[in-house]
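Colleague: Please show me the model, and let us examine the grounds for each term used to describe it.

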Amino acid sequence: MTGPRDAASRGPSTLAVHAGGPEPEAGAPVVGPVVHAATFFYAEEGDGELRYTRYSNNPTLQAVARRIAALEGTPAALVTGSGMAAMAMALLSLVRAGDHIVAARDLYGGTSTLLRTELPRLGVRTTFVDGQWADALEAETRVMVVEVPSNPLMRVPDLPAIAATAREAGVALVVDATFASPVNLRAADHGATVVVQSATKYLGGHSDLTAGTVAASAEMIERIGRTMRSFGPVLDPGAAARLERGIKTLAVRIARHNDNAAILADWLADHPAVASVVYPGRADHPDHAVAARLLRGGGGMLGFVVRGGDEVALAVLRRLRLLRVAPSLGSVETLVSMPRYTSHTALSEEERLERGIAPGYVRVSVGVEDVADLQADLDAALAAVC
Ligand code: PLP
């Protein structure tokens, strides 16, 4: 099942298992082989396409890329050595010195640093916005960048409205949909020009690989692929094979992440040691209406504010026995972190408050364990400290 016509008519669980996989021919392996080769024979100079793994035309990389394109609903895709590589290659292929970017303020710290520190060295400026996209556009603006949902507050910007602004201005819209995965959000269906994922998270799903994906039109992927050839952040074929295996269970994992997080969010909201809960699937989330319209599930990411502030929250984290205290997200195991010590440590206390990151804010990537066990572990840690 590799043709785009097939892919368009299948559901995400079927695509996750089959898209881009081997054709069912007698004697062929059911699971595609892992081609570790760095280079490939050719007969004569100019004899068709030169195959070289850094060019991303290794068959194992191409198979995963086909699966990603099918899941994202785009004509083409490519895989990269990390989520940051995916974002960097997408942006570098779209801008040149003198150009301008408009980006959401609420972004993953690594993407913020890329926009604030690295791109300015190449003569590319960024204006950060809290929703006033049209006001920030300049004659030199070439790209708009947004995360849906955002890190760490799970804000859900109105993607179709942002896409309309981008289209009117003739500007490319790059959407990082890592927190949703293509199962909860197909950003290209809502107007994204380029969809970026950190495949380290939900797509891989097991905290055992680092990868990124870029999905877009064939022309755009060709362009980003050319940039990648020069910068070289290719995904190792071994990691690509693990990624393909992880993707096969993406839809069932996401269904469980959605269910567990919704239950845990409601339970935490009623807990006396918790001041507030952040979850887009709940009616008290500021973007609940947009989330209900845009997302196919509330997602596996939630946040909560421990009464008493950062020190008390840290003490709670130290007492957890089942929930794992680690940065990153999107894996089968529940991972807990405090953004003020991880992704948003570069911000001042004042900036964090301004962004809505309250003292005592804990981010949870809810895994696929039995939710009653997660509740029991959290309850014991909260009761011991609060
Ligand atoms: N985008 C988002 C939303 C992230 O949370 C992260 C990492 O946490 C990245 C991109 C970067 O991904 P990677 O660590 O695979 O480079």
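Modeller: The shell around the ligand has, by class, five nonpolar, six polar and three charged residues. Ala, Val, Leu, Ile, Met, Phe, Trp, Tyr, Cys and Pro count as nonpolar, Asp, Glu, Lys and Arg as charged, and the others, Gly among them, as polar. This is a predicted model, in which local features need pLDDT of at least 70 and side-chain atom pairs pLDDT 80 or more, whereas totals for chains, interfaces and linings use all residues. Residues are numbered from 1 along each chain as its sequence is written, and side-chain values use heavy atoms, with hydrogens and water left out.

Colleague: Which residues come nearest to the ligand?

Modeller: Of the 14 residues around the ligand, these are Gly83, Met84, Asp176, Ser198 and Thr200. A residue is near a molecule if one of its heavy atoms lies within 4 Å of it.

Colleague: What is 2.6 Å from an oxygen atom of the ligand?

Modeller: An N or O atom in the side chain of Thr200 is at that distance. A polar contact is a pair of N or O atoms within 3.5 Å; within protein, one must be able to donate a hydrogen and the other to accept it, and residues adjacent in sequence count only if both atoms are side-chain atoms. For Lys201, a side-chain N or O atom is 2.9 Å from a ligand oxygen. The protein buries 90% of the 390 Å² that the ligand exposes when taken alone (Shrake-Rupley method, 1.4 Å probe).

Colleague: Why is Thr53 counted as buried?

Modeller: Buried means under 20% relative accessible area, exposed over 50%, and partly exposed in between (1.4 Å probe, protein chains only). Thr53 has 7% relative accessibility and therefore counts as buried. The Thr53 side chain also makes a polar contact of 3.0 Å with the side chain of Asn58.

Colleague: Is Arg282 buried or exposed?

Modeller: Arg282 is buried, because its relative accessibility is 18%. Residues up to four places away in sequence aside, Arg282 touches Ala265, Asp266, Ala269, Val277 and His288, where contact means heavy atoms within 4.5 Å.

Colleague: Why do strands E8 and E10 stand at the edges of the sheet?

Modeller: Five strands form an open sheet of mixed pairing, in the order E8-E9-E12-E11-E10. Strands (E, at least two residues) are DSSP runs numbered from the N terminus, and two strands pair if DSSP finds at least two bridges between them. E8 (274-278) and E10 (324-325) each have a single partner strand, so one side of each is left without a neighbour in the sheet.

Colleague: How many bridges join E10 to E11?

Modeller: Two bridges join E10 to E11 (residues 335-337), and these strands run parallel. Val325 stands opposite Val336 in E11.

Methods
Helix = DSSP H or I, 4+ residues; strand = E, 2+ residues; numbered from the N terminus.
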